[in-house]
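Okay, thanks everyone, I'll keep this quick. Have a look at the sequence and the structure on the screen, and then I'll walk you through a couple of spots.

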Amino acid sequence: MIVKLLHEKGLKSEHAYAAAFASIGLTVVSWCGSLKTESAGTARADRWGIFVGEWAPTFFALGLALANYERDHNPLHSATH
């Protein structure tokens with residue numbers, strides 16, 4: 001139901017995969033930024049990195065769900081593939 005709604009709104013699996021890879025980069029940036037700018041040290045930087053790092057698997061899972069939906073609802077896709 002949610003995947004169908006997202007697909008109807010124009011979200012494609014490629015978008016979710018791109019967001020997953022971008023969140024991996026954002027994880028490194030947030031960890032380095034927190035480490036350098038905050039006085040709390042490595043512990044807080046690690047928490048920021050872990051928090052943002054959890055987004056990537058979510059986006060990859062959403063990409064897989066959308067890819068399966070696109071495959072199953074594509075009129076050009078034959079049953080033999």
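So, let's start with a serine: the side chain of S23 reaches the backbone oxygen of A20, at 2.7 Å. Keep in mind that this is a predicted model.

Where does S23 sit? It's in helix α2. And is S23 buried or exposed? At 3% relative accessibility it counts as buried, because the cut-off for buried is under 20%. Leaving out residues up to four places away in sequence, S23 touches V52, W55, A56 and F59.

Helix α2 covers residues 13–37 and helix α4 covers residues 55–72. Their axes come within 7 Å and cross at roughly 170 degrees. That angle is over 145, so α2 counts as roughly antiparallel to α4.

Who's in that contact? On the α2 side you've got, among them, S13, Y17, F21, S23 and I24. On the α4 side, the residues include W55, F59, F60, L66 and E70. By class, the contact of α2 with α4 has 15 nonpolar, 3 polar and 1 charged residues.

Last stop, a lysine. K9 is in the loop between α1, residues 2–8, and α2. With 69% relative accessibility, K9 counts as exposed, because the cut-off there is over 50%. K9 and L66 are 57 residues apart along the chain, and their C-alpha atoms are separated by 12 Å.

That's my tour, happy to go back to any of it.

Methods
Residues numbered from 1 in each chain as written. Predicted model: local features only at pLDDT ≥ 70, side-chain atom pairs only at ≥ 80, totals over all residues. Heavy atoms only, no water. Axes fitted to C-alpha atoms, helices over the stretch in contact; angles between N-to-C directions. Helix = DSSP H or I, 4+ residues; strand = E, 2+ residues; numbered from the N terminus. Parallel < 35°, antiparallel > 145°, perpendicular 65-115°, else oblique. Contact = heavy atoms within 4.5 Å. Nonpolar A, V, L, I, M, F, W, Y, C, P; charged D, E, K, R; others polar. Buried < 20%, exposed > 50% of the residue type's maximum accessible area, 1.4 Å probe, protein only. Polar contact = N/O pair within 3.5 Å; in protein donor to acceptor, adjacent residues only side chain to side chain.
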